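Hello,

Here is the structure I promised to pass on. Have it open while you read the notes below.

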Amino acid sequence: MQHIHAKPLTDQQLQGLDAYWRATNYLSVGQIYLLDNPLLREPLRPEHIKPRLLGHWGTTPGLNLIYAHLNRVIRQREQQMLFVTGPGHGGPALVANTWLEGSWSTAYPNTTRDERGMARLFKQFSFPGGVPSHVAADVPGSINEGGELGYSLSHAYGAAADNPDLVVACVVGDGEAETGPLATSWHSNKFLDPVRDGAVLPILHLNGYKIANPAVLARIDDEELTALLRGYGYEPFLVEGSDPATVHQALAGTLDRCLDRITEIQLEARSAAGHPLRPAWPVIVLRTPKGWTGPRTVDGQPVEDTWRSHQVPLTGVRTDEEHLRQLESWLRSYRPQELFDEQGRPVDALLELAPGPALRMGSCPHANGGLVSRALELPDVEEYAVPVKAPGFADGEPTKVFGAFLRDVFRQNADNFRLFGPDETESNRLGEVYEATDKAWLGDQRETDEHLSPDGRVFEILSEHTCQGWLEGYLLTGRHGLFSSYEAFVHIVDSMVNQHAKWLKTINRLDWRRPVPSLNYLLTSHVWRQDHNGFSHQDPGFIDHVVNKKAEVVRVYLPPDTNTLLSTMDHCLRTRNYINVVVAGKQPQPNWLDWESAALHCARGIGVWEFASNDRGDPDVVMACAGDVPTMETLAAVSLLREHLPELRIRVVNVVDLMRLQDAGEHPHGLTDAEFDALFTTDTPVIFAYHGYPSLIHRLTYRRHGHDNLHVRGYIEEGTTTTPFDMVVLNNLDRYHLAMDVIDRVPALGTRAVATRQYFADQRTRHRAYVTKYGEDLPEVREWRWIS
């Protein structure tokens, strides 16, 4: 690793930076400990201390150091910069810095930059009704939720994409660096185009320890760490030490060199006739003591530069006089009387070191993406609709048709839309997008490669975590995107969805946060058409996971055919502050609705399919369906029942918007009881064919009138490598079993339909024998068509 030995700081600059650092350290310790007496105008007493001490000190002084030095280069270069905080619970540092620079008071005007505001700032940290100890959505300038580790670098690269003037400084914690998502996201430099994108400056903060263990990257020698970072394709620079003056000079010189190098890379790339070779972007390794400037020993045990400084170094300050004395000595070591005036305001010399409102990192507009977001320019979706002569007359490939729409979304949004996915764009039948753009790729290319380009707008890497992180960074900085994935493996990002849902819920209550484009999922290659890949690829449970989140932020759609998918995606791409999950098949399947009918049906979200119903307002049975394969099996069951039991009055209800099933008081899309009862009645058997796990439908409808009449079929964890129809048979979702369910649950049929039921059961037996012998489905199943 390179060591920069230049000393660019004058004595005055060095003293100023050190004072700024001391101020933020003081403010950070105050947040962890103080309930009152913020400026130590009197000796500390137990009643000045919070009753519950929560927070993390160990990483905080390093974050404060980096922030102060970034302020210097921002001011000198007038550089727009976004700060991404990887170390999980670095909240005290970012709260301190944004208050000192003025961004916090802009977002929260009652927390003024004076003694009263400082007291409020201290009290609200990790306090009931206040802000959490990590860098959450409550913190101005943040886009990375610190509650879960591993995503800072992918968020940073997503933020830099299509932001050519932005530098994203991303601090990677050495504990965070041990996570799989972070380890993979180092490869993001192979996808960042120096011509059209901004830059990411990773700063690997090696302070040595996690909660109670050493950090792996802090315990390998420089040669091995250098080889690792160079192997990832970076140019590493090392800053290390425990003497503040020495570290200040080294960090200042290194930042200057790194930003100069970023500028060189971009100027060279942007002035070249063609794209240059992939550059080696700089990365800084900052090695400083954990808990730096805090208590060196407590109760005879070493604390500074050990794991003991990770959280709260002094835990007994309300009951132990020695701990209280040490805390006061620690706070006074920062010389607050030099940093704040009589009113508790930061002295002018400090204020002058922060960038102005337009450039300070806590007010970076990209960190509040709704401020800079532009609506997508969407083509007229009706122009892509497929003609439907009659319901079920012909098959379509929904995602292939949607791919043509998506192609033109790219064409009309040159720097405002990207597609993300784990090497599945072609597999998911979205390949027409390559008529408008390529896949981003700055690595080596060979003659056999297709659709690779440094300026491609499709991001593919075989890591769902990295795809999700890129997309979140892109969305939270105001742009729009879509994640396309196999349904079974989107589970890999379950915990990331949790964090994003919590972020959206939080920003909904922050009036200074502006709505950001929605996180849109298109899940295809779904459970019912993973017959060829087998049991490992068969899992529809992502829907259940998402539905657990707050109703204000989640939406789930199950369009049954091509035109409903077009209408659904056109809607989702226009929304903000939601997580939209759309599940649709890519294989040929019946087209049921013409464009006008599809648009109306999607607007309703749920409705009676008159073409398939013969109930005349008084059904003997309601056959409901949600999902493309369940819809087809339901319609096939209806056709069988009409043939064998023509007097049976059947109502078919199709559900596109799954949340319509919930009560209106529980979800904004929910039906009122009167609306629900009108569709399903209160005393009629309901046979519900559902795409996923049956229990979810019961959860959504358990308060409804007539819930005891609801019988749900869906995926019950039965699967293997088999045929498409055998998959539904194994899970009792097939047309014959649905028809048998009707006979079993309509009292009026009684024994009159015993022969018909026996025929349906025999068909299932015939299917088993046929598929075992021939390896394909029965001809009457393969060739089935709906006939009105």
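The chain divides into domain 1 (11–344), domain 2 (394–590) and domain 3 (605–782); these bounds come from an automatic or database domain assignment. The C-alpha centres of domain 1 and domain 3 are 56 Å apart.

Two notes on reading the values. This is a predicted model, where local features need pLDDT of at least 70 and side-chain atom pairs count only at pLDDT 80 or more, while totals for chains, interfaces and linings use all residues. Residues are numbered from 1 along each chain as its sequence is written, and side-chain values use heavy atoms, leaving out hydrogens and water.

Start with D18. It belongs to helix α1 (residues 11–33). Helices (H or I, at least four residues) and strands (E, at least two) are DSSP runs, numbered from the N terminus. Leaving aside neighbours within four places in sequence, D18 is in contact (heavy atoms within 4.5 Å) with P244 and H248. The side chains of D18 and H248 also make a polar contact, at 3.0 Å. That term means a pair of N or O atoms within 3.5 Å; within protein, one must be able to donate a hydrogen and the other to accept it, and residues adjacent in sequence count only if both atoms are side-chain atoms.

Now the sheet. Five strands form an open, mixed sheet, ordered β18-β20-β19-β21-β22. Its edge strands are β18 (606–608) and β22 (710–713), each pairing on one side only. Strands pair if DSSP finds at least two bridges between them. β18 and β20 (residues 650–655) run antiparallel, joined by three bridges. G607 stands opposite N654 in β20.

Best wishes
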